[in-house]
Amino acid sequence: MLILLVDDSPAERELAQEAARECAEVQLCLAASVTEALSMSARDPQPRLLLVDLNLGRENGLEVVKSLRGQLPAIILTTTDNPIERQRCLDAGALDFWVKPLRFDDYPAMLKRAGMLARQHWSARASS
């Protein structure tokens, strides 16, 4: 399962990449900006899911979600569990809204969960 992680923090991208090595069912590609994410989403093979940081420096992760709505499922990652922000993301088309893991040990489980949700999403679309 190819997942595109969009995060402006080099440390977060590196952490996730390292965690992906421990998660055999997930391959990770990385983008640092909305522009880079939109470009990478059109590559072959196309990612099957986006994990998008809500706050991308001057950009907003919702830009990616809105641009790719209906084409690619997305999960918003953020550092706060604000219910208003969560609802805004879901209304914009995000599949889910997750608080970023605080420990490295939690990253592989997050990636496995993301892969499972992507498989469920694509299976449901194929069935309908």
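Phe97 is buried in this predicted model, with a relative accessible area of 4% (buried means under 20%, exposed over 50%, partly exposed in between; 1.4 Å probe, protein chains only). Phe97 lies in strand β7, residues 96-99. Helices (H or I, at least four residues) and strands (E, at least two) are DSSP runs, numbered from the N terminus. Beyond four places in sequence, Phe97 touches Ile75, Ile76, Thr78, Thr80, Asp81, Asn82, Glu85, Arg86 and Cys89; contact means heavy atoms within 4.5 Å.

Residues are numbered from 1 along each chain as its sequence is written. The model is predicted, with local features needing pLDDT of at least 70 and side-chain atom pairs counting only at pLDDT 80 or more, while totals for chains, interfaces and linings use all residues, and side-chain values use heavy atoms, with hydrogens and water left out.

Strand β7 belongs to an open sheet of five strands, ordered β2-β1-β3-β6-β7, with parallel pairing. Two strands pair if DSSP finds at least two bridges between them. β2 and β7 are the edge strands, each pairing on one side only. From one strand to the next, the twist averages 25 degrees. Axes are lines fitted to C-alpha atoms, for helices over the stretch in contact, and angles run from 0 to 180 degrees between N-to-C directions. β1 and β3 pair in the parallel sense over four bridges. Val6 has Val52 as its bridge partner in β3. Helix α2 packs on the sheet and touches β1 and β2; its direction makes about 140 degrees with that of β2. Helix α4 (residues 83-91) also packs on the sheet, touching β6 and β7, at about 145 degrees to the direction of β7.

Asp53 is placed in strand β3. Asp53 is buried, at a relative accessible area of 6%. The side chains of Asp53 and Lys100 are joined by a polar contact of 3.4 Å. A polar contact is a pair of N or O atoms within 3.5 Å; within protein, one must be able to donate a hydrogen and the other to accept it, and residues adjacent in sequence count only if both atoms are side-chain atoms. Contacts of Asp53 beyond four places in sequence include Val6, Asp7, Gly61 and Leu77. Asp53 and Val6 are 47 residues apart along the chain, yet their C-alpha atoms are separated by 6.0 Å.

The largest nonpolar core has 24 residues, of which Leu4, Val6, Leu50, Leu62, Val64, Ile76 and Cys89 touch the most other members. Such a core is a set of buried Ala, Val, Leu, Ile, Met, Phe, Trp, Tyr and Cys residues joined through side-chain atoms within 4.5 Å. Two or more residues each come from β1, β2, α2, β3, α3 and β6. A second, separate core has 19 residues, including Ile3, Val26, Leu49 and Ala114.

Helix α5 (residues 107-127) has 21 residues and should span 30 Å at 1.5 Å a residue; its end C-alpha atoms are 30 Å apart, which agrees. The expected span is 1.5 Å times one less than the number of residues. Among the buried residues of α5 are Tyr107, Met110, Leu111 and Trp122. The buried residues of this helix pack against β1, α1, β2, β3, β6 and β7.
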